[in-house]
Amino acid sequence: MNIHATVAGTLDKASPKVRDWLAQPRPMLIDGQWVAAKSGKTFAVIDPATEGKLAEVAEGDKADIDAAVAAARRAFDSGPWRKMTPSERGRVLHKIGDLIYENIDELAELDSLDNGKPKAVAKAADVTLSADMFHYMSGWPTKIHGKTIPISNLAAPGEYFSFTRPEPVGVVGQIIPWNFPLLMCAWKLGPALATGCTVVLKVAEETPLSALRLGELLLEAGLPDGVVNIVTGFGETAGAALAAHPNVNKVAFTGSTEVGKLIVQAASHDLKRVSLELGGKSPNIVLADADVEATVAGAAAGIFFNHGQCCNAGSRLFVHDKIFDKVVDGVSAAAEKIKLGFGLDEDTEMGPLVSEVQYGRVTGYLDSGKADGAKAVTGGDGVDGPGYFVKPTVLVDTTPDMKVVKEEIFGPVLVAMPFKDVDDDLIRDANNSLYGLAAGVWTSDIQKAHQIANRLESGTVWVNCYHVFDAALPFGGYKQSGWGREMGEQVLNNYLETKAITTKIG
Ligand code: NAI
Ligand code: MG
């Protein structure tokens, strides 16, 4: 596997437009202006394929979060955003979706350089789904409404007119990770804007670039100043200041379960609203009657898509023992065919992990699995640098207590385990996790598929497919995978308060 023959120098393969855009230190978006950090500090954004520097961005911290929250507060309390009609707000959201499509190549290139993922994947998945999210959300402002409610209160005789009125929760702090840089912006901003909130968005320090380009498109779409403020900076400083800020009404977070718990603590001081989209260790269950070819392709995509850096990755494969060897051999063969390389090369199927830290984590899990007695059918280690490449890996001979089976690895590492019967033990093993984000079931018996789906402790179940996302489908987790749901009608609840108004009319 000679990756380095294909990996050019940092930015060598970037388009002139992107190269020019990255040549200047990129400022942050606060109150409609592009500003440097108050401290004057910047930090380097690293290309995970070459370890070279892609750009410098502002290093925002507490002082910048304060300025951004003040701008969002003003925009919420007295700015033009809340005075716009629902239809006008919908038009701005639709325009954002259109502009994302118009700039699809540039945005995909930025996410590819920054995160390491193939540009073709960024185009087909990240950027397309981002545009879809804004288009889907653009229909909601005109459809968010309350109910009239008949009341029966005998202690207060008379006639009353009661109705509910959904209202935006206010200023929202949003903190997002690096695995889908642009898409995480869209998942968060779309519903917050549809409900009429204003936002301070703290993007991941590993991948700030496409969010800053999106900020330019937000202004171009006519979003008023201060409605969305984008701060680049680190989690422990900028992120923590946002989560604890007294003038923020709600925090929406996607990232590790560990930091999710810190967010809850920070928000507990003034009981801010919190929604969380956290980790996973999702079971992918293959029954004996599954179509082996489709299952092998789906199980491989379930774990290797986005280099395994998906909270919903199908990372625990349970296969009926009659077809265990066939499926494991098939997934391993698929893993060996995956072409690792530089994201901007057209034939690249998998890039590097996002950072040195993630490379260290994932290879640490591989070492721990081997030390515990698991066997790598394929892969099993990283690739020598430069670049944070890890070989797609399939582990067998595991036991339920191994770290590689229990913990989220967030890399291209599958653990495959055989089972004998579709019974309570299988359901218990599949549910034996702190997490409950997603699951897969592969079978030609659709009745059985639904019986299993109903018993899985999981926010999403895919039957004979995996990784099928849509702006209209709610996504989120049971147990320690989070609070609330992203996308669909349901995400609007994350950003709304309900007011009940009662008038005595007789
Ligand atoms: P992280 O949870 O530390 O980072 C996510 C976001 O939270 C980033 O914007 C970061 O700056 C911010 N953050 C970090 N510490 C914070 C704090 N104390 N207060 C406020 N914000 C803070 O995740 P990290 O370190 O990038 O990855 C670690 C592990 O987390 C991964 O190996 C993976 O298991 C999991 N993860 C899960 C994701 C998901 O989609 N659910 C996404 C990224 C990571
Ligand atoms: Mg972290």
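The side chain of Ser458 reaches the backbone oxygen of Leu437 at 3.5 Å, a polar contact in the sense of a pair of N or O atoms within 3.5 Å, where within protein one must be able to donate a hydrogen and the other to accept it, and residues adjacent in sequence count only if both atoms are side-chain atoms. The model is predicted, with local features needing pLDDT of at least 70 and side-chain atom pairs counting only at pLDDT 80 or more, while totals for chains, interfaces and linings use all residues. Residues are numbered from 1 along each chain as its sequence is written, chains are lettered from A and ligands numbered from 1 in the order in which they are written, and side-chain values use heavy atoms, leaving out hydrogens and water.

Ser458 itself sits in the loop between α15 (446-455) and β18; helices (H or I, at least four residues) and strands (E, at least two) are DSSP runs, numbered from the N terminus. Because its relative accessibility is 8%, Ser458 counts as buried, a word that means under 20% relative accessible area, with exposed over 50% and partly exposed in between (1.4 Å probe, protein chains only). Leaving aside residues up to four places away in sequence, Ser458 touches Gly436, Leu437, Ala438, Ala439 and Tyr478, where contact means heavy atoms within 4.5 Å.

Ligand 1 comes next. It is surrounded by 26 residues, the closest being Trp178, Lys202, Glu205, Ser256 and Glu408; a residue is near a molecule or strand if one of its heavy atoms lies within 4 Å of it. An oxygen atom of ligand 1 is 2.7 Å from an N or O atom in the side chain of Lys202, and an oxygen atom of the ligand is also 2.7 Å from an N or O atom in the side chain of Glu408. On the backbone side, a polar atom of Ala240 is 3.5 Å from a nitrogen atom of ligand 1. Taken alone, ligand 1 exposes 810 Å², and the protein buries 91% of that (accessible areas come from the Shrake-Rupley method with a 1.4 Å probe; for residues, only the protein chains shown count as cover).

Helix α5 (residues 119-138) has 20 residues and reaches 27 Å from its first C-alpha to its last, close to the 28 Å expected at 1.5 Å a residue; the expected span is 1.5 Å times one less than the number of residues. A kink of about 25° is centred on Thr128 in α5, the bend being the angle between axes fitted to the seven residues ending there and the seven starting there. Among the buried residues of α5 are Ala122, Thr128, Phe134 and Ser138, and its buried residues pack against α3 (86-102), α4 (104-115) and α6 (181-194).

Some loops hold backbone details worth a look. Phi is near 60°, a positive value in a residue other than glycine, for Asn306 and for His467. Asn306 lies between α10 (292-304) and β12 (316-320) and is buried at 4% relative accessibility. His467 lies between β18 (460-463) and β19 (478-479) and is buried at 16%. A cis peptide bond, with omega about 5°, joins Gly385 and Pro386.
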